[in-house]
Amino acid sequence: MDEKSVLIVGGGIEGVRAALEQATSGARVTLVEKYPTLGAERIPRDRLIQPGEAFVNPDLAAVRNHDRIDILTCSDIQRVRKDNGTVAAHILKRSLRVDNTKCTDCKACIKVCPVNMFDDFDEGFTFRTAVDYFNPATGEYNIFKEDMPVCQRTCPVNLDIRTYVGQIADGKYLESLATIRDRLPLPGSIGRVCPHPCETACNRQYLDEPISICFLKRFVADVELNEGIEPVYETPDEKFPEKIAIIGAGPAGLTCAYHLARKGYEHITIHEALPVPGGYLWVGIPEYRLPKKLLKREVDLIANMGIDIRYNSRVGRDVTFEDLRKDHDAIFIGAGCHRGLKLRVPGEDEYEGKGIVDCVTFLRDQALGKPFDVKGKLIVIGGGNAAIDSARVGWRMGFDEVYILYRRTKKEMPANPWEIDAAEHEGVILQYLAAPVEIMGKDGRVVGMKCIKMELGEPDASGRRRPVPIKGSEYVIDAETIVPAISQGTNLDFLGEDHGLDINRWNTFDIDEDTGATNVPGLFAGGDVVTGPDIAIRAVAAGKKAAEGIHSYLRSK
Amino acid sequence: MCTGRIDPAIVAEAFSKGLDGLLVVGCYFGDCHYITGNHQAKAKLDMTRRLFKHIGMNEDRLAFRQCSSGEGAVFVDIVTEFDANLRRIGPLGADGDRVKGAELHKKLEAARAVLASEKIRWVIGKRTPFLESGNMYGEIFTEHEFNRAIDMIIVEEMEVQEILASLRQGARSIKELANELTIPSERVFRYITALKRKGMVALDRIAGQSPIFQIIPQEV
């Protein structure tokens, strides 16, 4: 780029001065301002100062008339991206919502405007109406419409929460469900398992408690179920011929397939390594949190859109990744994180499978109904939801005693507090401030574990206090089964060699955040395989984003 | 005459003249000769009932019922039921209402002004399009949201009309208005600035340190 271009955010007095300075020195300037008019221009007509005496920034006219300055009002910076020495910014420009060519400045709209809101121009000192003029000189009117509500903004898929909760309040349950399904094809499943970041953000909590956004979703899904209504997910008549392969039938893959089918793609194949759909929703989340029958029904609804789900088809074993690439126009990788991370303590490898089972295998075998030698004590190591799930599942399997060992305290546990309480309530024993040191075995079986007590030191990078071992505090607990549930990682062996994809040091993909595209054209990825172990709704969001990315990639090819 | 033509302002005026109850009987939904007359009647009267409840009057004094002209027995039932209800509630401003006597009368005067003013009439008129076809941008609102907006307007418009009624008696300062109407002074201040911006109130003079505001007569 020959010409220097400058982006100035904020059209206040300083912003206007800086814009003028840069433009005079020869740069191309874009001035972005959140309000409909540049700063200090909004002179209320009711003020005590007479218009003639009011201070008007002399730079304003110069900025307006400068041919090297583009002014973007009503605009916000959405995202800034660094790119080879330049910076690209996504700017959202809002509509004024008033056709000012037809406005006669009669102020009738201000008189009848039903929305009185605190005026942000004077820090909420007075009221303004949603429709208002900002600058008496230009006489431009606009209607202020707030951006997404805080719950919708927090939700990874930006579900239209206000509408669907409102529709439930009106008693229109099926309309509400349709609103949810517009963005989320698995309302019943997500409505049961989501840790609902939306409720954590809900404004209602400052009055009493947050709206039960998550369970309301479950409620409308159950209404449909109980009334025996079998919905049909519509696909458009106009079809596209491209073939798309999706690896993994988890929340990301299913959502991606759903949105692609809704766009009109009819050759979508999902390759699922397991004999069951849903990925972690099936093999990670226990039956008591999400009934399999319900999940199966929601998957079937998606499959009935004409999507071919091939079970027991592990990429890399039953079909090679190269073949998939040859046969398809685009591939979405939503393989998830199905490899439990190791504790890295002595004895772990020796007794692998002889009393040591990582939580992924443990939960998967239970979900698939494989027999397990249930006896004695079970120790689960870790403090996340996978640890709590493993412990509660173990309790249901019939272990005599179930322990959870966590190296910090309850306050720092990443698991949802209600899950921790439920586990405690059921009789799971939680031991805090303890970490494994060595797995002890006898005759080829685990018999116990040596642990060390910890204390909390200084806060670390995550803001939680770092556990520090207390010297000489080792002790031994007897146990027949030990389940490490410390974290999960990806298993990208199925890619084979020469795949050309960039894999980062966390063994995940680096993707374009807007489209889900990897560095190889036609290959997209999303879900846990990109983010590491994360919540289901974020995988759904990634699947949706990738579906849009694939659509625009295929249509622009 | 169609129930859709009943103006809520007239209803409020009738009550402020001492009416104890009003029963509106319209056609069944779907039977309307003008297609949506009875829907409009119900929307307007529901809103009026919300306002009556807000000012402390028993909202059951106003009822909307439906029956066809051929259903004599149903009509008798409706009237009997309403009559029994009204006898239980008793005369206006007595035991049946939260706010009593002269105060309720004053509130009803303000309520009449609210119902006669442009704001609430525009909003209630937009109810059907907002709930069914959406605005210019296709944004459809839920009934829940709409009712919440109506409730907000009722609270604010009542206070604004009380302020305007007081200013009609003569120019006043914000403190005087707040004391007279028992509305917190910061709210009065916000209403006054908003009214100034709308061109309905202006500064009269400054007495000591307090600005005194006067009303600007509006052309109708």
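The crossing of helices α6(A) and α9(A) is left-handed, that is, the near helix is turned anticlockwise from the far one by less than a right angle. This is a predicted model, in which local features need pLDDT of at least 70, side-chain atom pairs count only at pLDDT 80 or more, and totals for chains, interfaces and linings use all residues. Residues are numbered from 1 along each chain as its sequence is written, chains are lettered from A in the order in which they are written, and side-chain values use heavy atoms, without hydrogens and water.

The two helices (DSSP runs of H or I, at least four residues) are set out below.

| Helix | Residues | Residues in the contact |
|---|---|---|
| α6(A) | 173-181 | A:Tyr173, A:Leu174, A:Ser176, A:Leu177, A:Ile180, A:Arg181 |
| α9(A) | 213-226 | A:Lys217, A:Phe219, A:Val220, A:Ala221, A:Val223, A:Glu224 |

Contact means heavy atoms within 4.5 Å. The residues of this contact divide into 8 nonpolar, 1 polar and 3 charged.

A:Glu224 lies in helix α9 of chain A. At 4% relative accessibility, A:Glu224 counts as buried (under 20% relative accessible area). Beyond its neighbours within four places in sequence, A:Glu224 touches residues including A:Leu177, A:Arg181 and A:Arg297.

Between the chains, 24 residues of chain B are in contact with 29 residues of chain A. Together the chains bury about 2500 Å², which is the accessible area (1.4 Å probe) lost on being put together, summed over both. The count of salt bridges between them is 2, each a side-chain nitrogen of Lys or Arg within 4 Å of a carboxyl oxygen of Asp or Glu. A:Arg97 forms a salt bridge with B:Glu139, with the closest N and O atoms 2.8 Å apart.

Methods
Axes are lines fitted to C-alpha atoms, for helices over the stretch in contact, and angles run from 0 to 180 degrees between N-to-C directions. Ala, Val, Leu, Ile, Met, Phe, Trp, Tyr, Cys and Pro count as nonpolar, Asp, Glu, Lys and Arg as charged, and the others, Gly among them, as polar. Buried means under 20% relative accessible area, exposed over 50%, partly exposed in between (1.4 Å probe, protein chains only). Buried area is the accessible area (1.4 Å probe) that two parts lose on being put together, summed over both.
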